[in-house]
Amino acid sequence: MIFNHIGYYSLVFGFFISLYLLFFSMFLYLKGKLNNQLNLNIYYFSSLQLFLVILSFISLIISFILSDFSNETVYYNSHTTKPLFYKIAGTWGNHEGSLLLWLLVLTLFIFIFILKSNNQPKLYRLLSIFFQQIIITGFFLFLLITSNPFNYLFPIPIEGLGLNPILQDPALVIHPPILYLGYVGSSIIFSSSLAALIENNFSKIWAKHIKNWVFVSWIFLTLGILLGSIWAYYELGWGGFWFWDPVENVSLMPWFSLTALLHTISVLEKRQLLKSWTIILSISTFSLSMSGTFLVRSGILNSVHTFANDPERGVFILTFLFILIFLAVFIFFFFSKNIVNLNEKNFYWLSKDSSIIINNWFMMYFLSVVLIGTIYPIFLEVITSDKISIGPPFFNKLIVPFLIPFLLIMSFGPKLKWIKDRFNKLELDKIFFFVISILISVLIYEKLGQKNLLITILIFASIYLFLISLIELIKSRNNLSQKLSHFGFSLLILSILFNGLFSKEFSSNMKIGDQIEFDNKLIKFKNVESKKGSNYNSIIASFVIEDENKRISKFFPEIRIYNQPNIMTSEADIKTSIFQDKFFVINFLKNENYFNVRYQVKSFMIWIWISTLLIVLGGLIGLVRKIK
Amino acid sequence: MYGKKVKLRIFFFSIIFLAILLTTFLILKSLEENVVYFISPSDVKVLPELSKKKIRIGGMVKKDSIETNAKEILFIITDYKSEIKVSFSGSIPNLFAEEKGVVAEGFLKDRNYFTAKKILAKHDENYMPPEVKKALESKK
């Protein structure tokens, strides 16, 4: 009860502080430079704002822990029998709470920004704070007007409606916060690029300072996408890691843009080039992050995993987003004459600079494919009211062939020198690797029943990059972060390819006692037994798989029937080994005798996760080295 | 004549232009081939011709319509105006149940019979395909 009040009023108070900061930072900016110190009030009020949002967030968590059903959000998303861990996680497992988390991260990041930007010009800092406070004010309004997490319910219900059980999962507890850290990090990049543009503050020091933020949001965004993917793999029982579903795509689009920015910012730092392009990427990364939230929350996307939701909220975000983009584009055109690229004449095709530009082209191409594949259905529905969806073949067809030149350029691009390099005589080890990669891919081509030239060339390209980056990694520790990430990327592409090529799947309806042959193995359905969990009842089936040599492995897939809300989920039984995952999942059918059974052998599954973690680790090392 | 620098620039821009043209062409062509239309059982009845292409049909699973045997699952998708029989063999998602929303992807055999290749999952037990929602609302 009391926490409802505390939470709500700290939000209202926080809103007024952001208004104050908005005007105060503008006022100080217009007053101009008196000294180089930031007015102390900015520090005080920013920390107060952060404190209030934290207070509000904690109140919501406490309301969830206490199962205070006078709070509407708690009522709709919690239940007394839910384990404590998921009561807490339920705080951000819903729309209102997750937006409050967005706001929390926004205020936290601007606070860190203020503390960490001491070496920057004062006017630039003030402007960055100003832009950031516009975003923060927008989110305060959004929360208070359309999605107040502290709405009262009267009479107070005795029991809550419970959290969707598929969200009751450890991966999904941390997936949204991590993803948000990535999204929100891009808001800082957005605000400070605009400020830098107006102040013409594109110094080396600025590039270094903003690079940290690019790294931070890139690391979190990559990690967030990975977690979502892992969750979909084992909790949804689909047995895959990526489905080209719109909800997944909207997180991938800012990733492409941010990855392009991550590379471009080095050119800016080292060569003072590509200033306008940096700004454009900053604006687009942030816009894509915001529209991601908008599209997921609005219900506009015809996604196979759309959550039921409220269109009015979408309209608010859309309007807000539109204003921000308009503001950004206006500022860009008005101030872009400030930009002078001094080094433009010193530009040569064979250099690190141009290889990074080529990387950017590829990123933009991938981005446009995903963008078109995601929004074209919406577009068509508005115009012709036809409902369509665009499946994986579209994306595979347009992305896979372009990966070949992309991987090959990646194998030599990073080693080129800045400004200008020249063709050296061919090195022996490279030819050696080249031949080896061709041999391996031909071997795979020969071994496979179903032959596909494109895939073979792609395998060759990724093996080549894999070998080259592995050798580079062993040779020296310079540029460790870049090398590790690129190595991880080659491993990722290889694992995805092998996963696609070697995986096998079997599905059928089976009764107890049935046995079916699949892939020279015998699948036997032994029995079922029921069990009671904390807030669910479960049915555990036991299966035995016997191979030609009579070796057996046992599987115990499970169906959980949650009591509040009354939903069934399947818990897959997954046996992970170095080369393959064995994935067993069952489902109820109406006819009680039959179970819907699905058994998959997923090759190199664990390497998809490990390689993505390596990519993230590369980023992390880069960040730590920079901060030092 | 133009200088070397201008020539280089013209060359550069024409390459970019060509690249953009090529990309647009590729994307549009691929779109044309890979679009899957989403229709309701009522739409199936009034289709001018049955296409051989893959489509999605969305609606509710009719009450008491699910039948199972070792090979396949049979059920009826309804939008409370028309209905269509569906046969499916493969794995079903958790939230597949009678009187819940469902989206099936596959091929039309005739106007009353649909062979599904995939049944799509929904995250949310309250989710309904928009058509069904409209159909239900207009019934009230």
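Analyst: Domain bounds are taken from an automatic or database domain assignment. For chain A, that assignment gives domain 1 (2–336 + 343–349) and domain 2 (504–606). The model is predicted: local features need pLDDT of at least 70, side-chain atom pairs count only at pLDDT 80 or more, and totals for chains, interfaces and linings use all residues. Residues are numbered from 1 along each chain as its sequence is written, while chains are lettered from A and ligands numbered from 1 in the order in which they are written.

Taken over C-alpha atoms, the centres of domain 1 and domain 2 of chain A are separated by 40 Å. Between these domains of chain A, 12 residues of domain 1 are in contact with 16 residues of domain 2 (contact: C-beta atoms, placed from the backbone, within 7 Å). On the domain 1 side of chain A, the residues that touch domain 2 are five nonpolar, six polar and one charged. In these classes, Ala, Val, Leu, Ile, Met, Phe, Trp, Tyr, Cys and Pro are nonpolar, Asp, Glu, Lys and Arg are charged, and the others, Gly among them, are polar.

Now the strands of chain A. Helices (H or I, at least four residues) and strands (E, at least two) are DSSP runs, numbered from the N terminus, and two strands pair if DSSP finds at least two bridges between them. Four strands of chain A make an open sheet with antiparallel pairing, in the order 2-11-10-9. Its edges are strand 2 (504–510) and strand 9 (573–576) of chain A, each of which pairs on one side only. On average, neighbouring strands of this sheet are turned by 10° against each other, direction ignored (axes are lines fitted to C-alpha atoms, and angles run from 0 to 180 degrees between N-to-C directions). Strand 2 of chain A is joined to strand 11 (residues 595–603) of chain A by seven bridges, and the two run antiparallel. One point to find on screen is S508(A), whose bridge partner in strand 11 of chain A is V597(A).

Strand 5 (residues 536–546) and strand 6 (residues 552–555) of chain A also pair in the antiparallel sense, over four bridges. I545(A) has S553(A), in strand 6 of chain A, as its bridge partner. These two strands of chain A form a hairpin with five residues between them, and in its turn K550(A) has a positive phi of about 65°.

Helix 1 (residues 2–31) of chain A has 30 residues and reaches 43 Å from its first C-alpha to its last, close to the 44 Å expected at 1.5 Å a residue (the expected span is 1.5 Å times one less than the number of residues). Just after helix 1 of chain A comes G32(A), with a positive phi of about 85°. Helix 5 (residues 95–116) of chain A has 22 residues, so at 1.5 Å a residue the span should be 32 Å; the end C-alpha atoms are 31 Å apart, which agrees. Helix 5 of chain A is mostly covered, with 16 of its 22 residues buried (buried: 20 or more other C-beta atoms within 10 Å of the residue's own, with C-beta atoms placed from the backbone).

Chain B has three helices and seven strands. Of its 140 residues, 33% count as buried.

Notes:
Buried ≥ 20, exposed ≤ 12 C-beta atoms within 10 Å, placed from the backbone. Contact = placed C-beta atoms within 7 Å.
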